[in-house]
Amino acid sequence: MSANPIPVIAIDGPSASGKGTVAQLVAEKLGFHYLDSGALYRIVAFAAQQNNIAWSHAEALGKLAESLQIRFKEGEIYLNNALITEAVRSEEMSRGASEVAVHPQVRDALFALQQSFRQSPGLVADGRDMASVVFTDAKLKIFLTASVEVRAERRYKQLIGKGLAADYAQILRDLQQRDLRDSQRSAAPLIQTPDAVLLDTTHRTIDQAVEFVLAAYKNIS
Ligand code: CDP
């Protein structure tokens, strides 16, 4: 089997660490494609709710995940041609995504779809298992994290900035619960692989984090 020459930068990390923003900016700077793998789990949770399928129903969710018509276009997300960008970003779908993501049936159904994003000239992919499962041969692997308090503060400010109601203590509790569920599940838990570079953004701005990733990539190119 010959190695895939298209470079991948895998950025994994816990919720609200800023990895999505960093990954998108890195992709823009390099002219690479971008995969927001978390969006796929959010879409499955959303579609399940629409179809009255419980987030605990592994078999039905796996079948549902295989049948979805998902399209990403100009920053928007479409499911079976309906615009769902805002709907899948809700806190309810954040929780739903982390519940449906524990099922191997769902993860398997999304595996090939995620790999199809690997297109020339390159891909920046963010999620929980980009380095450990989906793109094990990524050219650069980054584990992007920050303290749970700083992440809760960022999420709080993001919600307030959008004019939405937000409760810091509740956000902190939700993040702690999701961290636990994402790192303790048996299917593709969130881990830092031994070959990943740690990027702690507790005391770094988004721009500094982007610079860090670009410098690390330049170093190995
Ligand atoms: O933005 P945030 O980090 O809060 O969430 P996300 O990246 O959109 O991911 C939502 C949920 O999907 C996570 O809590 C994970 O449980 C799950 N997920 C996963 O299991 N594997 C991935 N590659 C990406 C997300």
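**View 1. A second largest pocket of about 190 Å³ opens this tour of a predicted model.** Here a pocket is an open set of points on a 1 Å grid over the protein atoms alone, where a 1.4 Å probe fits and protein lies on both sides within 12 Å along at least five of seven lines. Its volume is the space filled by probe spheres set on the points, which are joined across faces, edges and corners. The second largest pocket has 13 lining residues, and Ser90, Glu91, Leu159, Leu164 and Ala165 are the ones nearest its centre; lining residues have an atom within 4 Å of a point. Helix α9 (residues 168-184) gives the largest share of this lining, 3 residues. By class, the lining holds 5 nonpolar, 2 polar and 6 charged residues. Ala, Val, Leu, Ile, Met, Phe, Trp, Tyr, Cys and Pro count as nonpolar, Asp, Glu, Lys and Arg as charged, and the others, Gly among them, as polar.

**View 2. The largest pocket has a volume of about 1200 Å³.** It is lined by 50 residues, with Gly20, Gln24, Tyr34, Asp36 and Arg89 closest to its centre. The lining is made up of 14 nonpolar, 16 polar and 20 charged residues.

**View 3. Five strands form an open parallel sheet in the order β2-β6-β1-β7-β8.** Strands (E, at least two residues) and helices (H or I, at least four) are DSSP runs numbered from the N terminus, and two strands pair if DSSP finds at least two bridges between them. At the edges are β2 (33-36) and β8 (197-200); each has a single partner strand, so one side of each is left without a neighbour in the sheet. On average, neighbouring strands are turned by 20 degrees against each other, direction ignored. Look for β7 (residues 140-145), which pairs with β8 in the parallel sense over 4 bridges; there Leu144 stands opposite Leu199 in β8.

View 4. Contact means heavy atoms within 4.5 Å; angles run from 0 to 180 degrees between N-to-C directions, along axes fitted to C-alpha atoms, for helices over the stretch in contact.

**View 5. Three strands make an open antiparallel sheet, ordered β3-β4-β5.** Strands β3 and β5 (82-83) stand at the edges with a single partner strand each, so one side of each is left without a neighbour in the sheet. Strands β3 (residues 70-73) and β4 (residues 76-79) are joined by 4 bridges, with Lys73 partnered by Glu76 in β4. They form a hairpin with 2 residues between them, and Glu74 in the turn has a positive phi of about 45 degrees. Between β4 and β5 there are 2 bridges, and Tyr78 has Leu83 in β5 as its bridge partner.

**View 6. A salt bridge joins Arg95 and Asp174.** Their closest N and O atoms are 3.9 Å apart; a salt bridge is a side-chain nitrogen of Lys or Arg within 4 Å of a carboxyl oxygen of Asp or Glu. The pair links distant parts of the chain, with Arg95 in helix α5 (residues 91-100) and Asp174 in helix α9, 79 residues apart. The structure holds 10 salt bridges.

**Notes for all views.** Residues are numbered from 1 along each chain as its sequence is written, and side-chain values use heavy atoms, with hydrogens and water left out. As the model is predicted, local features need pLDDT of at least 70 and side-chain atom pairs count only at pLDDT 80 or more, while totals for chains, interfaces and linings use all residues.
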